Amino acid sequence: MTDFVPLFALGELFPRGIIPYLLGGVLVGFGAAVIYLATGTIAGASTFLESTLSYVSDVPRFNRLTYVQSRDWRLVFTAGIVSGAAVYAVLFQGSLWMTEVQWWRLLGGGFLVGVGTRLGKGCTSGHGVCGIGSLSNTSVVNVATFLAFAVGTAQLVQALGVTP
């Protein structure tokens with residue numbers, strides 16, 4: 001049995017241990033469950049962000065009655081995602097900005113993620129956490145598609161020798 005230990009050694013995959021990831025997963029799942037149980041709303045970040053656009057846009061898509069009625073707490077949720085990441089970065093990484101990737105690549109990547117979110121009718125948090133958690137076939141297919149494209153893109157970028 002000791003021959004199989006190296007196959008399951010998590011030290012290489014998680015050099016800081018699995019506790020931060022386990023805790024993060026539990027907190028995300030708990031938050032999604034609380035939001036769903038309290039409001040009946042799936043806690044997908046793209047929908048939450050889209051609803052906050054009702055503050056500044058007259059486009060009918062952003063001004064659906066459900067968005068306007070719930071946009072205040074959705075704005076707090078969206079702000080919590082951003083501020084939570086910022087607080088973590090400052091406390092545990094020592095800086096708010098920890099990337100060597102050029103701004104234009106981040107902007108382009110963000111644009112492509114936005115396009116993918118629209119094409120997939122939701123984001124990885126909505127489909128991956130809430131959709132799969134509720135056994136949605138559509139979400140299972142979407143998450144498999146997200147992962148396939150992510151792995152393929154990473155392999156292509158690495159093969160091309162692209163660096164930050």
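Begin by selecting α1 (19-39), which supplies the largest share of the lining of the second largest pocket, 8 residues. Helices here (H or I, at least four residues) and strands (E, at least two) are DSSP runs, numbered from the N terminus. The model is a predicted one, in which local features need pLDDT of at least 70 and side-chain atom pairs count only at pLDDT 80 or more, whereas totals for chains, interfaces and linings use all residues. Residues are numbered from 1 along each chain as its sequence is written, and side-chain values use heavy atoms, with hydrogens and water left out.

A pocket is found on a 1 Å grid over the protein atoms alone, as an open set of points where a 1.4 Å probe fits, with protein on both sides within 12 Å along at least five of seven lines; lining residues have an atom within 4 Å of a point. The volume of this pocket is about 640 Å³, a volume being the space filled by probe spheres set on the points, which are joined across faces, edges and corners. At least two lining residues come from each of α1, α3 and α5. By class, the lining has 15 nonpolar, 5 polar and no charged residues. Ala, Val, Leu, Ile, Met, Phe, Trp, Tyr, Cys and Pro count as nonpolar, Asp, Glu, Lys and Arg as charged, and the others, Gly among them, as polar.

Now move to the largest pocket, which holds about 770 Å³ of space. Select L112, V113, G116, F149 and T153, the closest to its centre of the 21 lining residues. The elements that give two or more residues to this lining are α4 (103-119) and α6, and α4 gives the most, with 9 residues. The lining of the largest pocket divides into 10 nonpolar, 10 polar and 1 charged.

Turn next to the helix pairs. Select α2 (residues 45-52) and α3 (residues 65-93), whose axes come within 8 Å and cross at roughly 120 degrees. That angle makes α2 oblique to α3; angles under 35 degrees count as roughly parallel, over 145 as roughly antiparallel, 65 to 115 as roughly perpendicular and the rest as oblique. Axes are lines fitted to C-alpha atoms, for helices over the stretch in contact, and angles run from 0 to 180 degrees between N-to-C directions. To view the contact (heavy atoms within 4.5 Å), display residues including F48 and L49 of α2 with W73 and F77 of α3. The residues of this contact comprise 8 nonpolar, 4 polar and 3 charged.

Then select α5 (residues 124-133) and α6 (residues 137-160), whose axes come within 9 Å and cross at roughly 135 degrees. The two helices are therefore oblique to each other. T124, H127, G128, G131 and I132 of α5 make the contact with S139, V140, N142, V143 and F146 of α6. This contact has 4 nonpolar, 6 polar and no charged residues.

Finally, display the whole protein, which has 6 helices and 0 strands. Its C-alpha trace spans about 60 × 40 × 35 Å along the principal axes.
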